[in-house]
Amino acid sequence: MQKARAAAVLAGLAVAVAACGNAPTTTQPAASGSASATTAGKTLQGVKLEVAAKWTGEEQKNFEQVLKAFSDKTGATVTYASTGEDTGAYLGPRIQGGSPPDVAILPQPGLVQQYAKQNALKPLTDEVTKEIDTNYTPYWKELGSADGKSYGVLIKAAHKSLIWYRSQAFDDAGVQAPTNWDELVKASQTIADSGTAPFSFCGASGWTLTDLFENVYLSTAGPENYDKLSKHEIPWTDPSVATALEKIAQIAGKKEFVLDGSSGALQTDFPTCVTKVFGQKKAAMVIEADFVATQATQDGAKVGEEAKYFPFPKAGDTAPVVLGGDVAVAMKDSPGAMALLQFLASKEGGEIWAKLPGYLSPNKNVSPDNYPDPLTKALGQTIISAGDAVRYDMSDLAPSAFGGTDGKGEWKVLQDFLRTPTDVKGAQSKLEDEAKKAWK
Amino acid sequence: MTERLDGPQAPLEDDTSGGSASGPDETPRKQRLIGPSPTVALVFLLPAAVLLGIWVVYPIVYSIFRSLFDAAGSGFVGLGNYMTIFTDPSMLTTIRNNLIWVVVAPIIVTTLGLIFAVLTERIKWATAFKLIVFMPMAVSLMAAGVIFRLVYDEDPDKGVANAVLTTIHDTFSSSQGYPEARPREGDQSAVAADKGAVVTKQPVQVGQPVLIPIVGIKPQIMPSDAQPAKAAPPGNDLSGTVWFDFTAGGGGKNGAVDASEKGLPGMTVEAVKDGTVAGTATTADDGTFRFDGLPAGSYVVRLPQSNFQAAYHGLTWLGPTLITPAIIGAFIWVWAGFAMVLIAAGLAAIPRDSLEAARIDGATEWQVFRRITVPLLSPVLLVVFVTMIINTLKVFDLVFIIAPPSVQPQSNVVALEMWRVSFGGGNNQGLGSALAIFLLILVLPFMIMNIRRFRREDT
């Protein structure tokens, strides 16, 4: 026992010495060339880092390739830990227990605020902040901040303002991709008349319903109201919310519009609803983000030919662009953690990742030419060109009890609304009740 | 368990502090002298006491303490969290569900176990039967949940429950004609839906052909013998066309028979006058129909509901109304075997002579079962019953896995809510602790009952 302790102390000292020794070498290049601070060889040799994120399967493999690039460059050993679907449930106990991972990738900026309040996050160092300033628009920087301090970097984006459709179903019905809401409703009627259900809703996955609401709301109420509602500065009983819900009822309220009826839709979770469109060919459209492409490909549809998308149609004055994304934060004070954040925020790190499938970068200096297929290229272009008008997924900005928990808050109320789309007033007052509880 | 620990410890301390014991202590002291010395006993008890203290006593005490604070753990809220449990509507649903569980599940499990146990006594293949019924115990609850999620799937092609229901239903009546088809609606349309049937909005004169446009026909139910639709030629009879008013690829004119549009063969058409059916016809392959020998006048033409009989899809097991019974079904599947094995063991221990004596005295089998077997089995039945109550109170995994997220609020139970509130997104460990304590209080009486029972059996 005594021996082991001595060894541990020695090891600790060794790390400390190594860290001190490295300090000058890391700061020097940072001063000269801001873009790449870690050019001076393997400065983090022997440093061990743990990164926790929710990705599994293909996404995990791709991310590990990026981590490997970081290891190769710096010499640090990075291990990946999967948090499972519910990042909060994984990190909560680890924070309480005092042993969080060095770096965590949070699926919601709402968690940044929450953990910052618990003092579980380490503020970004100047080098990382500088990297963010060169590569991101101010809106994204603000998303990773709490109480005026920067804590996180948005490293991966998801484009949520898309409607995917099966081109054969549109051809059979003789309709074109609609550009506004009325055209969408009309096209849906025509598709229903042709004998195909127009929409496959993923009602069991509450977040798909909040995404739908956000697009319609951003479009009908405009970005200012969107920001206010995100912060609960206007109540959910506001007439602008009623307008958006009524628009949704136009497509969710007709029996022939919803595949398997509302009760069937409420038992359909996210990837299954995509399969119902592209695999089983039962419906024409599914309203979800860019990552539908992965599932559509698995279902045997060729993206761009059988599986196509159109931008979410304008339901009001604004053409909506809603993004989701993952924010990387440091949970331990270690030079390795900051170096990794800086790498992920840099053009270099972003471009390594961009060459792999299934990734969209919010980094404005990562050229869309890096993306492996034309579809992703086009998506990347829309994000960059939309610039300051883009909004972040509202439910992910809310406290997770309201915007991110199965069977609670907005998820639950919108699911109930899908069950009875006529009850706009009831849905609004229930949303307000839930919001009051979550924001108190 | 803690009671047992405390029991011997208290007198031990007494002993070390005051050497001269008083009168009432006399008897236990004599007993102790036979066994090991108090210090040795203490040393042997210590590891268990420390472990229990760390893993049982401390967490309970800390949970009680934590339950008096808010989400952040810094603001004291008194009994506020407990108030929330009994005022929040979703929490009340949770408590109601737990009540249903506790009332229904243990009774069914115990009854089924008893029936299985008594019946297996009399059949030849008892061991094989018992093995099969006991098998679900070998499956983890989580896996059982995954299995039953599939069993209850709404799609009869996937879910066994609905596959059975639809098969039974279809042997008696099957779907007919054109399910889920509907008339083309709108102001220009001459027809409208009426209680599942399709009727002309205006009465039709004999000699004037009627057009009945139908839409929403799925490609797979379009009959292969359907011919391109034709408008019925004017004549002296009441005639018309029922057709699929949709040109593939678009471009057709609504309400008009276009070249590539197909008729709907085999559709029953009724001519209705003053509420009574005056004549019935069936459409031909090109969708035309003709009523022969109908007296002149005006009629409402109707396609009765039987044309549009939707296929039976079974029950929505995983919907808000049936979800709790459905999950209880899965629970019974898992635990019935366990109950059966325990009760069968008890049954084997029953003295045969009393059963035989009753039979000789002329008791019927039912009387023997009711008056002899069940009373003699009651200690075992009680153990099974109480164990099941404790199991139902802490049920978590089955609900978590079987209920789709959209009906989780309707199927929620206290143990699941406790996890969800504290870790699964709610991040309110104050309220979570309060729920945990609430659950502990619910379980406690049954625990004490079981412990007492074991003690009595010991002595």
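Author: Let us begin with a definition. The model itself is predicted.

Reader: How many helices and strands are there in chain B?

Author: Chain B holds 15 helices and ten strands. Its radius of gyration is 36 Å, whereas the globule rule gives 23 Å for 459 residues, so chain B is more spread out than a compact globule. Along the principal axes, the C-alpha atoms of chain B fill a box of roughly 125 × 75 × 35 Å.

Reader: What share of the residues in chain B is buried?

Author: Buried residues account for 33% of the 459 in chain B. As for contacts in chain B between residues at least 6 apart in sequence, 70% of them join residues at least 24 apart.

Reader: Which strands pair with strand E10 of chain B, and in what sense?

Author: Strand E3 (residues 197-200) of chain B is joined to E10(B) (residues 298-303) by two bridges, and the two run antiparallel. Within that pairing, B:Val199 has B:Arg302 as its bridge partner. Strand E4 (residues 204-205) of chain B also pairs with E10(B) in the antiparallel sense, over two bridges, and here B:Val204 is partnered by B:Tyr299. Strand E7 (residues 268-273) of chain B pairs antiparallel with E10(B) over three bridges; the bridge partner of B:Glu270 is B:Arg302.

Reader: How should I read a sheet in chain A, and in what order do its strands lie?

Author: A general idea comes first: in a regular strand, side chains alternate between the two faces of the sheet. In chain A, four strands form an open sheet in the order E8-E9-E7-E10, with mixed pairing. Strand E8 (197-199) and strand E10 (307-311) of chain A are the edge strands, each pairing on one side only. Direction ignored, neighbouring strands of this sheet are turned by 20° against each other on average. Strand E7 (residues 162-166) of chain A pairs with E10(A) in the antiparallel sense over five bridges, and A:Ile163 has A:Phe310 as its bridge partner.

Reader: Which helices lie across these strands of chain A?

Author: Helix H8 (residues 181-193) of chain A lies across E8 and strand E9 (283-286) of chain A, at about 150° to E8(A). Helix H12 (residues 270-278) of chain A lies across E7, E9 and E10 of chain A, at about 140° to E9(A).

Reader: How is the packing of helix H19 of chain A against helix H20 of chain A described?

Author: Two packed helices are described by the angle between their axes and the distance between the axes. H19 (residues 409-419) and H20 (residues 424-439) of chain A pack at an angle of about 170°, with axes 9 Å apart. Angles over 145 degrees count as roughly antiparallel, which is therefore how H19(A) stands to H20(A). Among the contact residues are A:Val413 and A:Phe417 of H19(A) and A:Leu431 of H20(A). The contact residues divide into five nonpolar, one polar and four charged.

Reader: Where do the two chains meet, and how many residues take part?

Author: In the contact, 34 residues of chain A meet 26 residues of chain B. On the side of chain A that touches chain B, helix H3 (87-96) of chain A is one of the helices that supply at least two residues. H3(A) gives the most, with four residues. That side of chain A divides into eight nonpolar, 17 polar and nine charged residues.

Notes: Residues are numbered from 1 along each chain as its sequence is written. Chains are lettered from A and ligands numbered from 1 in the order in which they are written. This is a predicted model: local features need pLDDT of at least 70, side-chain atom pairs count only at pLDDT 80 or more; totals for chains, interfaces and linings use all residues. Two strands pair if DSSP finds at least two bridges between them. Axes are lines fitted to C-alpha atoms, for helices over the stretch in contact, and angles run from 0 to 180 degrees between N-to-C directions. Two residues are in contact if their C-beta atoms, placed from the backbone, lie within 7 Å. Angles under 35 degrees count as roughly parallel, over 145 as roughly antiparallel, 65 to 115 as roughly perpendicular and the rest as oblique. Ala, Val, Leu, Ile, Met, Phe, Trp, Tyr, Cys and Pro count as nonpolar, Asp, Glu, Lys and Arg as charged, and the others, Gly among them, as polar. The radius of gyration is taken over C-alpha atoms; the globule rule is 2.2 Å times the number of residues to the power 0.38. A residue is buried if 20 or more other C-beta atoms lie within 10 Å of its own, exposed if 12 or fewer, and partly exposed in between; C-beta atoms are placed from the backbone.
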